[in-house]
Amino acid sequence: MRGLYVFGGDVSLVAQATIGPVAFPVTLGGRDMDIRCDLALVTVGGVSGDGYSTGNLAEASMMRSMVERASRVAILADSSKLDRRLFVQIAELGAADYFVTDREPPAELLAAMRHEGVEVLWEPVEETA
C-alpha cells in the first residue's frame with residue numbers, strides 16, 4: 001500500500017513545516033522502525049555551492065534523516081533561498097535527485113547542481129503589475 005506520510009512532531013505555523021524525529025518507537029526489541037520512502041520532498045532555507053541548509057538544528061536532523069532514507073529526493077526552495085548558507089548543512093548538492101524552484105538559479109549554482117547530477121526544475125513566475 002502506498003500513501004503520503006508527513007513526519008515531524010511539532011507544527012511550526014510560522015515556517016509552515018513539521019519539526020521532529022523521523023522514526024517511530026516500537027516495542028520489537030526496543031528499536032526504531034527502519035523507515036524508507038520512494039520520494040522525499042524536503043524544503044530548505046538555504047541553497048549554496050556547499051549544499052542545502054537550514055537555521056534550525058531539530059529541523060536539520062529530521063531533513064537529513066529523510067534524505068538518507070529516500071530512494072529519490074526533491075529539494076524545494078524559492079529563489080530567495082538561492083546562494084544562501086544557513087547555520088546547519090543538511091546535505092551536499094548531490095544528495096538531491098531534483099531541485100525545484102520558482103526561477104532559474106544563478107549560473108554558477110546551476111552548473112554546480114548539474115555537475116552533481118541534480119535535475120533542476122523551475123517554472124518562471126509571471127510578474128503582476
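**Entry 1: Thr 54**

I began with Thr 54: leaving aside its neighbours within four places in sequence, I find this residue in contact with Glu 59, Ala 60, Met 63, Leu 86, Phe 87, Val 88 and Ile 90. For contact I take heavy atoms within 4.5 Å. A note on the source before going on: this is a predicted model, in which local features need pLDDT of at least 70 and side-chain atom pairs count only at pLDDT 80 or more, while totals for chains, interfaces and linings use all residues. Residues are numbered from 1 along each chain as its sequence is written, and side-chain values use heavy atoms, with hydrogens and water left out.

Thr 54 lies in strand β5, residues 51-54. Helices (H or I, at least four residues) and strands (E, at least two) are DSSP runs, numbered from the N terminus. Is Thr 54 buried or exposed? Thr 54 is buried, with a relative accessible area of 3%; buried means under 20%, exposed over 50% and partly exposed in between, using a 1.4 Å probe and protein chains only. I also looked up its side chain, which makes a polar contact of 2.4 Å with the side chain of Glu 59. A polar contact is a pair of N or O atoms within 3.5 Å; within protein, one must be able to donate a hydrogen and the other to accept it, and residues adjacent in sequence count only if both atoms are side-chain atoms.

**Entry 2: the sheet around β5**

I then followed β5 into its sheet, an open one of three strands in the order β4-β5-β7 with antiparallel pairing. Two strands pair if DSSP finds at least two bridges between them. β4 (46-48) and β7 (88-91) are the edge strands, each with a single partner, so one side of each has no neighbour in the sheet. The twist averages 35 degrees from one strand to the next. Axes here are lines fitted to C-alpha atoms, for helices over the stretch in contact, and angles run from 0 to 180 degrees between N-to-C directions. Three bridges join β4 to β5, and I note Ser 53 in β5 as the bridge partner of Gly 46.

**Entry 3: helix α1**

Helix α1 (residues 57-69) lies across β5 and β7, at about 15 degrees to β7. I checked its length: at 1.5 Å a residue, its 13 residues should span 18 Å, and the end C-alpha atoms are 19 Å apart, which agrees. The expected span is 1.5 Å times one less than the number of residues. Asn 56 caps the N-terminal end of α1, with a side-chain oxygen 2.9 Å from the backbone nitrogen of Glu 59. Among the buried residues of α1 I list Glu 59, Ala 60 and Met 63. Leu 57, also in α1, is exposed, with a relative accessible area of 57%. Leaving aside neighbours within four places in sequence, Leu 57 is in contact with Phe 87 and Val 88.

**Entry 4: the other sheet**

Which strands make up the open sheet with parallel pairing? I find four, in the order β3-β6-β8-β9. β3 (37-43) and β9 (119-122) stand at its edges, each with a single partner strand, so one side of each is left without a neighbour in the sheet. Six bridges join β3 to β6 (residues 70-76), and Thr 43 stands opposite Leu 76.

**Entry 5: the whole chain**

Lastly, I count two helices and nine strands in the protein chain. Buried residues make up 37% of its 129 residues.
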